[in-house]
Amino acid sequence: MVGFRQGLLCGLFITLAACLPDATTQQNKLDRQAQELFDQATASLSDGNFRTAKEQFRALADAEPQLECEASIGLSLASLLELIEQVDDVMNVAKLGSGSFAPAQAGGFDVDSFLDGFLGPFEDLFAAIRTPAERAIAGGCSLNVPAGLPINLTVPVPDDAGGLSFIDARLRIGYEFDEGFERMLLAGIEGGQALFDFVLAHRFAFNDDVADAFENIMDTFGAFADSQDDLAAGAIDETERQTWISVARSLGVLFDVDPAFFGARNKTRLTAVDDDLEAAARTLFYRAPSGDETGLVPALIARNASDDVSDNVVAIIDYDHDQQLSVGDGLLLGLRAADVSGQFVVGDLSSGIEYRIPEDAGDVREAMRLVHEMLQNVGNALEAVEQPDVAHERVTIGQFNQIQAVLDLDFEPVPEVAEFDLTAYFTDPVPIRDLLPYWYDDDGDPTTPDVFLIEGESEVTTTAEPWIAGEDSAHFPTVITFGTAVDLNPARIEDLRIAADGVFSGDYRFRTPFPYLALQDPTLHGLLWLDLSKSPVAPHELADIAPADHFSLNKIINALGVHYREALSGFID
């Protein structure tokens, strides 16, 4: 028999239980609330209301943690819309040809402050995209935006007059955004960050002496332009003209008079570039030590196997179900509507745009394997900057030629003259200033600024330019002094002179001189290796891949110029 106390407790428990909401009812109510918020957030994206969409997706992630992955895609898309709006604002200012982003400062225009202020907001949006995109990729989910995402952007295009005109592109993409799209987005963001880090690592602000030096450069450029006009008018003959080599030499003045111009102002940013590039490469493809592969194509192939991808923004349609990208498969772009300046208008592309890989496309599977091997090697080389035990190889031109060959592309292979050691350069990267030609005193007058040590060879020599040879010739002084105008003890640079290299542009009827550059470091800080046996002109007999030096660098530059003479015909005589 139940006692009074036990009965009272049981009655109290039953009463409380009856007052509490049913767990299923509570979950259903929460699901309805989450669904309503979800629908509102995707509608805000479709309307282009990125600020509202951000608030709604944050609230969705807080209210329904199991939807954090989908909310992360929404947040990345909202920030992408904001980024596109900022780019569009810049393009519209350029279109109007007015306005300035430059900060007003008492000392005049400060290039570095301008770049910091101009690029900073873009970097903030990169970060706002990066974090949710990484979460979305890790979660492997997708987000359907039923009405698609509006992309409105003013785009510059070349016009017939040699300038730029602008078109207004109004596009709508949709509908399902998944890991593949997020990987493309993240790789683009990391590549953009690498560019920004490299730019903002440098000092572009200049002292007052540089402003004066510009006058010297403009005088040289003016003399060059005048001589070209006089030559065209028949007022002078070719032996009296000035060439572009004189203009290039005069640029050395900028670095002589300003010891910091194009130097490093933020070493931390310079050392971050390899991390940015590694992240981009690993996002596109990565093979873990376990053998597991992740990346753009693996994600798209996996999605095709588990989902109807006809409504995806980007997709691989694996028609033969071989779990690989191969001949006959489809590449789908989810462009659903387009209006380009009213000249190209498509109101309904509900099925998107599909490209079927044709039967004569070559060995697509092998090409993808080679692309993945190249991305893996690039990622390994960049990872080896901080983890020296990571196995890697130099990046070679041959890797690109292999991909081209297996795809049966109708392109001439690029001469495989160079290899690139990414690890060597990024282990302790240097600024652009340290990679430029030497500047030196070319006239023996200490009161005139130094110029770049650049010489040339041409079929036609000029009285105004004694540094241009009319035959295959040796180049550069044996010894120069190198420093800036304020250096009390400039460096003595020896053993610069190089022998004739067997490549003379005049033999191929070029009348514009080809350059010979005396770089401070012809290896570009360990980056560049050259093989003279692969030179397309006057190759050496034995394979001799080695770090670039002044001889091999200039021989390869001129040999490539001769090799691609038809492509260069619009720029040189």
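1. Basis of the note. The structure is a predicted model, in which local features need pLDDT of at least 70 and side-chain atom pairs count only at pLDDT 80 or more, while totals for chains, interfaces and linings use all residues. Residues are numbered from 1 along each chain as its sequence is written, and side-chain values use heavy atoms, with hydrogens and water left out.

2. The nonpolar cores. A nonpolar core here is a set of buried Ala, Val, Leu, Ile, Met, Phe, Trp, Tyr and Cys residues joined through side-chain atoms within 4.5 Å, where buried means under 20% relative accessible area, exposed means over 50%, and partly exposed lies in between (1.4 Å probe, protein chains only). The largest core has 59 residues, and L45, F57, L77, F177 and F181 are those that touch the most other members. Its largest share, 12 residues, comes from helix α4 (residues 68–96); helices (H or I, at least four residues) and strands (E, at least two) are DSSP runs, numbered from the N terminus. Apart from this core lies another, of 28 residues, with V210, L254, F452 and I493 among them.

3. F181 and strand β7. Leaving aside residues up to four places away in sequence, F181 touches L77, L80, I173, V313 and V314, contact being heavy atoms within 4.5 Å. Strand β7 pairs with strand β8 (residues 330–333) in the antiparallel sense over 4 bridges, pairing being called when DSSP finds at least two bridges between two strands. Within β8, L333 is the bridge partner of V314.

4. The disulfide. A disulfide is a covalent bond between the sulfur atoms of two cysteines, and the rule used here asks for a pair of cysteine sulfur atoms within 2.5 Å. By this rule the count comes to 1 disulfide, which joins C69 to C141 with an S to S distance of 1.9 Å. The link of C69 and C141 is left-handed, with -95° about the S-S bond. It connects distant parts of the chain, 72 residues apart, with C69 in helix α4 and C141 in the loop between α5 (111–139) and β1 (143–144). Both C69 and C141 are buried.

5. Helix α12 has 20 residues and reaches 28 Å from its first C-alpha to its last, close to the 28 Å expected at 1.5 Å a residue, the expected span being 1.5 Å times one less than the number of residues. This helix is mostly covered, as 14 of its 20 residues are buried. H372 is found in α12 (residues 364–383), and H372 counts as buried because its relative accessibility is 9%. Not counting residues up to four places away in sequence, H372 touches F285, V297 and P298.

6. Backbone points to check by eye. A cis peptide bond, with omega of about 10°, joins G174 and Y175, and Y175 is found in the loop between β3 (164–173) and β4 (176–177). D495, a residue other than glycine, has a positive phi near 60°; D495 is in the loop between β19 (491–493) and β20 (514–517), and is exposed because its relative accessible area is 67%. H525, also not a glycine, has a positive phi near 60° and lies in the loop between β20 and β21 (528–530). H525 counts as partly exposed because its relative accessibility is 24%.
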